Amino acid sequence: MGDPRLSRIKIFVLDMDGTIYLGDRLFPFTPGFLRRVEETGREFCFFTNNSSKNRAAYLEKLRRMGISIAPEQMLLSNDVLLHWLGEHHPGASCWVVGTPALEEDFRAAGFEPKDPQGDVVILGFDTTLTYEKLRVACDLIRAGRPVYGVNPDWNCPVEGGFIPDCGSIAALVKASTGVQCQFFGKPSPHTLDYILARTGAAPEELAVVGDRLYTDIAVAVGTKVTSILVMSGETTPELLAQSGTKPDLVVRDLEELASLL
């Protein structure tokens, strides 16, 4: 039986880690959910805060899992920040604390990512993190360079549990410099503006689906966008009960959500 709260939704914006898969394991119900979305005349796209990979890597990962999508259906926090930098720091040289994939995205957008005298400092989810990267970043920040974080996530869910994400790296940098970076990615308003512009949807036609209260759900707070929490990832019943951020709808996983469409 359908849920009346979903009747106006035309596009589902799906988180990835903890929502459609965990690590390299696709949840068995994900393909059925995607089919159900299309059967009901709706659309879907993906948005990930995970800044350790780029669009090409995610498209390839999904393809290996049997999910083929158009490139414009894959949205990333990397792109939100790069779009903003293009408007506010055009042509800036950067010191990017990030993976080679994130560095590739910066080069493709016309930014030098490895300038030790960079105009701006960028903190990403860096699974190739070194002490030297942190040292240069902190020196530049102490010298007055602005610092931006790609995504605020504290941890990234993986099959074995969790690993430190961009928010944790930013906390280390703040402890050293006293400077809190501005974050992009979910729940930044920059992200919602980006999603609305890319999808062409009105806020009331959009549903964001994810497993994290402080990113996936918080991005919709105070807007007409519908937020749907899946309990297949990071959030536990205890965390949900304690949180001041409340989703519009809570489901066990995408399988239960499919049954409501």
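**Close-up views of a predicted model**

Figure 1. Helices (H or I, at least four residues) and strands (E, at least two) are DSSP runs, numbered from the N terminus. Ser77, Asn78, Asp79, Val80, Leu81, Leu82, Trp84 and Leu85 of helix 3 are buried, where buried means under 20% relative accessible area, exposed over 50% and partly exposed in between (1.4 Å probe, protein chains only). This is a predicted model, in which local features need pLDDT of at least 70 and side-chain atom pairs count only at pLDDT 80 or more, while totals for chains, interfaces and linings use all residues. Residues are numbered from 1 along each chain as its sequence is written, and side-chain values use heavy atoms, with hydrogens and water left out.

**Figure 2. The whole chain agrees with the rule for a compact globule.** For 261 residues, such a globule would have a radius of gyration near 18 Å, and the chain has 18 Å. The radius is taken over C-alpha atoms, and the globule rule is 2.2 Å times the number of residues to the power 0.38. Along the principal axes, the C-alpha atoms fill a box of roughly 60 × 35 × 35 Å. The chain contains ten helices and 14 strands, and 54% of its 261 residues count as buried.

**Figure 3. The largest cavity holds about 120 Å³ of space.** Of the 15 residues that line the largest cavity, Asp15, Asp17, Asn49, Asp153 and Arg212 are the closest to its centre. On a 1 Å grid over the protein atoms alone, a cavity is a set of points where a 1.4 Å probe fits but cannot get out, and a pocket is an open set with protein on both sides within 12 Å along at least five of seven lines; lining residues have an atom within 4 Å of a point. Grid points are joined across faces, edges and corners, and a volume is the space filled by probe spheres set on the points. Strand 9 (155–158) and helix 8 (213–217) each supply at least two lining residues. The lining has two nonpolar, five polar and eight charged residues. Here Ala, Val, Leu, Ile, Met, Phe, Trp, Tyr, Cys and Pro count as nonpolar, Asp, Glu, Lys and Arg as charged, and the others, Gly among them, as polar.

**Figure 4. The second largest cavity has a volume of about 40 Å³.** Its lining includes Val13, Leu14, Phe47 and Lys186. Strand 1 (11–14) and strand 12 (206–210) each give two or more residues to this lining, which divides into six nonpolar, no polar and three charged residues.

**Figure 5. The largest pocket has a volume of about 160 Å³.** Among the residues that line it are Ile11, Glu38, Arg42 and Thr199. Strand 4 gives the most to the lining, with three residues. By class, there are four nonpolar, two polar and five charged residues.

**Figure 6. The structure holds zero disulfides.** A disulfide is counted as a pair of cysteine sulfur atoms within 2.5 Å. For Cys94, the nearest cysteine sulfur, that of Cys181, is 14 Å away. Cys94 is buried, with a relative accessible area of 0%. The sulfur of Cys156 is 12 Å from the closest cysteine sulfur, in Cys166, too far for a bond. Cys156 also counts as buried, at 5% relative accessibility.
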